[in-house]
Amino acid sequence: KINLRELEACAWSSKDKEQNAPNILKFTLHHRQIAVWVASEVIVAFNQKQRKANIEKFIQICEALRKLNNFNGMMEILGGLSLSKVCKTAWKSVSKKLVQSFQQMEQLFMTSNNFGNYRAELRMIEKASANMPCIPFLGLMLQDVTFIEENPDYKVYAKYPGRKLINFSKMTLLADVYRLLVHFQSIPIGINENKAWVSIQTLIQSSFIFDEKKIVDLGNQVESGALG
């Protein structure tokens, strides 16, 4: 779990981030690992048929994550699938129904209106039940904190000239992010988290994983026919 102190003053980007925000760093590293793993699994498949099958499987996994309200996991998979789009031939053969599902999930995380679709969904989940499990998209929480922290802690108001007063607008916005994190972290998600984590890490570590540049390069080779 992420300690609230890891969010204070954007601790995850501080000089001593390893000590100040260890759990946030683990989350963000895991996010990148999953995204490039998904894309790599598509790229290294033996042929176009297997690439298509892998793409469809990951879309189905993403659908399952949405049912579990695991938005952070969804973003990891969607990020990897977006990277894999360099394999255009394989994507053209993917089931239309699954492509439509993929596009709908992308719509959920559209950046327009400050991620308006996703934020509306998150509010709906929070209001629907006090005990509904959910794993929010951590990246957006960190983005929100970064934006809020750009504002001063104290302000001088015209009504009270010469006096520095607490910037309650800033503190209210920060409190809302903190409250959301505390709320959802307090709700059990109904699976053995440690066992699931170990299984996923073991699978990833035993797989070929490339960086984003290599994925694009290999994808272009696949499309040119240089790879199967």
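Glutamate 126 and arginine 179 join their side chains in a salt bridge with an N to O distance of 2.3 Å, a salt bridge being a side-chain nitrogen of Lys or Arg within 4 Å of a carboxyl oxygen of Asp or Glu. This pair connects distant parts of the chain, with glutamate 126 in helix α7 and arginine 179 in helix α9, 53 residues apart. Helices (H or I, at least four residues) and strands (E, at least two) are DSSP runs numbered from the N terminus.

The model is predicted: local features need pLDDT of at least 70 and side-chain atom pairs count only at pLDDT 80 or more, while totals for chains, interfaces and linings use all residues. Residues are numbered from 1 along each chain as its sequence is written, and side-chain values use heavy atoms, with hydrogens and water left out.

**Salt bridges**

Side chains of opposite charge can pair when their charged atoms come close. The whole structure holds nine salt bridges, including these:

| Pair | N to O distance |
|---|---|
| Glutamate 126 and arginine 179 | 2.3 Å |
| Lysine 170 and aspartate 153 | 2.5 Å |
| Glutamate 106 and lysine 85 | 3.5 Å |

Glutamate 106 belongs to helix α6 (residues 96–108) and lysine 85 to the loop between α4 (71–83) and α5 (88–92), so their bridge ties together parts that are 21 residues apart in sequence. Glutamate 106 is partly exposed at 27% relative accessible area, and lysine 85 is partly exposed at 35%. Here buried means under 20% relative accessible area, exposed over 50%, and partly exposed in between (1.4 Å probe, protein chains only).

**Isoleucine 166**

Isoleucine 166 is part of strand β2 (residues 164–166). With 37% relative accessibility, isoleucine 166 is classed as partly exposed.
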